[in-house]
Amino acid sequence: MSDRESVLAANRAFYDAFESLDTEKMEAVWLKDPHIICIHPGHRKLSGWGPIMASWEGILDNVFEMKFELGEIEVMISGDLAIVVVEESLTQRGYDGTQRVNVLATNVFERVGNAWFMVMHHGSPVFAPADDEPPLQ
C-alpha cells in the first residue's frame with residue numbers, strides 16, 4: 001500500500017470510529033501523546049490525550065447516529081507527517097432531532113512505525129456557498 005493509500009485508510013478509520021459512536025475505536029486512531037490537538041467546530045483548542053478523549057466521549061455519548069459524506073479530499077505528505085483536507089457533510093441524530101451540517105476539516109497524521117495516527121483534527125463550519133469568494137483581509 002502506498003503512503004497516500006495508507007493515509008487515506010487512516011483518515012477513513014477516523015470517520016468510521018466517529019460513525020460507530022465507539023470511544024475505543026476513536027482512541028485507536030489518535031496518537032497517545034500529550035501534544036495532540038483537536039478543535040471541534042465552534043470550540044476552543046483542546047490539547048493532550050485526556051481532554052481530547054473526554055471531548056470525544058461527550059460527543060459520542062450524546063448522539064444516536066452520525067453519518068458522514070466526504071467530499072473533495074486533498075492529501076499532502078512530507079516524511080512522517082500527512083495532512084488531509086476534506087469536506088464533511090454530517091448528518092447527526094440526537095436528543096434535539098436531526099441536524100445536517102457542512103464542515104471543512106483538516107486532519108493531520110503522524111507515521112509511527114508502519115501506522116499513521118491522528119495528531120490534529122480541526123473542523124470549521126462552512127456557511128458560504130461553494131462559489132463564494134473569501135473576503136479580502
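**View 1. F14, Y15, F18, W56 and F68 make up one aromatic cluster.** The model is predicted: local features need pLDDT of at least 70, side-chain atom pairs count only at pLDDT 80 or more, and totals for chains, interfaces and linings use all residues. Residues are numbered from 1 along each chain as its sequence is written, and side-chain values use heavy atoms, with hydrogens and water left out. Rings of Phe, Tyr and Trp (its six-membered ring) pair if their centres lie within 6.5 Å; planes under 30 degrees apart count as stacked, over 60 as edge-to-face and the rest as tilted. Across the whole structure, a search finds 7 aromatic pairs. One of them, F14 with Y15, is edge-to-face, at 4.8 Å centre to centre and 70° between the planes. F14 and Y15 are both buried (under 20% relative accessible area; exposed is over 50%, partly exposed in between; 1.4 Å probe, protein chains only).

**View 2. Helix α3 spans residues 49-61.** Helices (H or I, at least four residues) and strands (E, at least two) are DSSP runs, numbered from the N terminus. The 13 residues of α3 reach 18 Å from first C-alpha to last, close to the 18 Å expected at 1.5 Å a residue (1.5 Å times one less than the number of residues). Buried in α3 are I52, M53, S55, W56 and L60. They lie on the same side of α3 because they cover an arc of only 155° around the axis, taken from the directions from the helix axis to the C-beta atoms.

**View 3. Strands β3 (residues 63-78) and β4 (residues 81-94) run antiparallel.** They are joined by 13 bridges; strands pair if DSSP finds at least two bridges between them. S78 has L81 of β4 as its bridge partner. The two strands form a hairpin with 2 residues between them, and G79 in the turn has a positive phi of about 60°.
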